[in-house]
Amino acid sequence: TAWDSAPLVNESIHFEQCHQSAFLQARFQLCNSSNGWSAKVASISLDPWHPDDSQIVFFIVPRQSRGVEDMGGFARKQHKVQILLMNATEASEWAVPTAKPTWWNSSLSESWQCHFPSRREVLWSSPGAVCKYMRRGCYSIEVVGPYYNFSNEADYSACYAFRGPTATLEKSAMRISQFLLCAREAEKAPKWATSAAWRRCGPNTRLAFPDALCTELPGCQMNYIYYGSPKEGDPFLISWFIGKLGSQKSNVSEEVVIEGCKMLLDFSEGKDDKMKLEADFLLSAVATDNAPSVHLILSHCSDLSSWNLPEKSALAKRVWPNLLTRSKAADILSVLLKSSLAEGMLVGAASTACFECAVLVRTWGLQHKWEGWMESSLSLSIDRGHGVAPFLEVLTQLLQVPGILSGIQELKVGEGGDGRASDAALAGFTKALTSSGQNLTELDIGKLLNDVRTGAALQPLGPLPLLQKMVLTVSGVPEKQKLPADAVKALLLDASGNFKFPQLKDLNMQLLD
């Protein structure tokens, strides 16, 4: 970068560090020290409308002076200059008038609030500035300044301002979403920003963005051309508004999300289309890292009460990886576990052997009450690629949640698993199962009992006073699932020799020869 030396004649030049350091005030003339070291200010020209786009870097090097050896070991570290804009995201926002200009006269319109004192292209390239006018209700903006007046220009580029200087549908949709949010923040929202003007988008737009709705932007009625389709309309994205939930504009975003979700769900074609939308809405909400936003989506956009348990579990397996990366994971999980997705969250954590998920659920269970299951029968299987050992570790954590098996009478565990768990892991699982499974009438854990050779693994199971059927083997009875006599004794009898399952009528197992 080429630098120039700027003379210190401009009293507006000041350095914040001078006010924060007594050392700098005493050492440098730049900081008003009369006897301090002299210095020069390095200056560089910036784009007045896009100063933050400038890439400015510099190096600090040792000064060459007599009697000082070359500092060959001095590290030439590159420093980057970061340009921050005060109370704005774009420099163009500063040009939006906040008071009546001194040069404004009677020959101009009375609405000084709706003028922009620079080129039209500068305004159109600045979504932040356009938004300021929208919040004021300005949709006819005069481009007029103290030395020029272009207000008589045909407003041919108004539609271009909304869609932006890009032909890609995605960027235009995000830009229109931002403008719609700003328009809704006006004292009176224009019709195009209200649900009365929204409609279903054309097939090309829906294919690219299933969560898009379309509207008719002012000045664009004769220019609806996207990817060769003449009636696609101008799209905005409900997922974009979901991402704004929890921000300072949350009230407006909530209104758009609630209205938009209802319309999209009404437009959905069949169960699969509706379920995909509901899943996408929820995943977008979890990504906001805001528990109230997730609650809003579950209340208005993602009614999962009609989903069956496998469907909920499949969705939960997509939610968990997203959730675990969030700083507010515990708060969001609390909302999810009080919703109709609760069962799916537990089954999803178990089937993927997600230990971190299970710990989070267990921690939640120490402070909240588990609401119970929709059915009285539960099967916990293991997804491909996950072994029995990590699966048992996860179940041991989940079973420590108070009341986690409330309402469950029939439990089958371990389908799809392979490998072997240690006796200690089995003992921990059977102990936790005994504590939480007092209402069980049927239990199938045959898939878990690979190569059990001692009674230590099964001794903690029981008593289970209501248990009537227990399955400790699988079809085909492989040799590795036959139990030795001492393991059977430890399973069925307590230390005093009493039978631990007084109601047991059906026991399926095979003894080791």
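## Strands β11 and β12

Strand β11 covers residues 442–444, and strand β12 covers residues 469–471. The two run parallel. Three bridges join them. The model is a predicted one.

## The sheet around them

Strands β11 and β12 belong to an open sheet of five strands. The order is β9-β10-β11-β12-β13. The pairing is parallel. At the edges sit β9 (377–380) and β13 (506–508), each of which pairs on one side only. On average, neighbouring strands of this sheet are turned by 5° against each other, direction ignored.

What holds such strands side by side? Strands of a sheet pair through backbone hydrogen bonds, and the pairing is either parallel or antiparallel.

## Disulfides: C131 and C182

How many disulfides does a search of the whole structure find? It finds six. Among them is the link between C131 and C182, with sulfur atoms 2.0 Å apart. This link is right-handed, with 80° about the S-S bond.

## Disulfides: C201 and C214

C201 is joined to C214 by a disulfide, S to S 2.2 Å. The link is right-handed, with 110° about the S-S bond. C201 sits in the loop between α6 and α7 (203–208), while C214 sits in strand β7 (residues 212–215), so the pair connects parts that are 13 residues apart in sequence. Both C201 and C214 are buried.

## Disulfides: C261 and C301

C261 and C301 also form a disulfide. Their sulfur atoms are 2.0 Å apart. The angle about the S-S bond is 95°, and the link is right-handed. Which parts does this pair tie together? C261 belongs to helix α9 (residues 250–267), and C301 to the loop between α11 (291–300) and α12 (309–323), so the tied parts are 40 residues apart in sequence.

Why does C261 count as buried? Its relative accessible area is 0%, and buried means under 20%. C301 has a relative accessible area of 1%, so C301 is buried too.

Definitions and conventions. Residues numbered from 1 in each chain as written. Predicted model: local features only at pLDDT ≥ 70, side-chain atom pairs only at ≥ 80, totals over all residues. Heavy atoms only, no water. Disulfide = S-S within 2.5 Å. Helix = DSSP H or I, 4+ residues; strand = E, 2+ residues; numbered from the N terminus. Buried < 20%, exposed > 50% of the residue type's maximum accessible area, 1.4 Å probe, protein only. Pairing = 2+ DSSP bridges. Axes fitted to C-alpha atoms, helices over the stretch in contact; angles between N-to-C directions.
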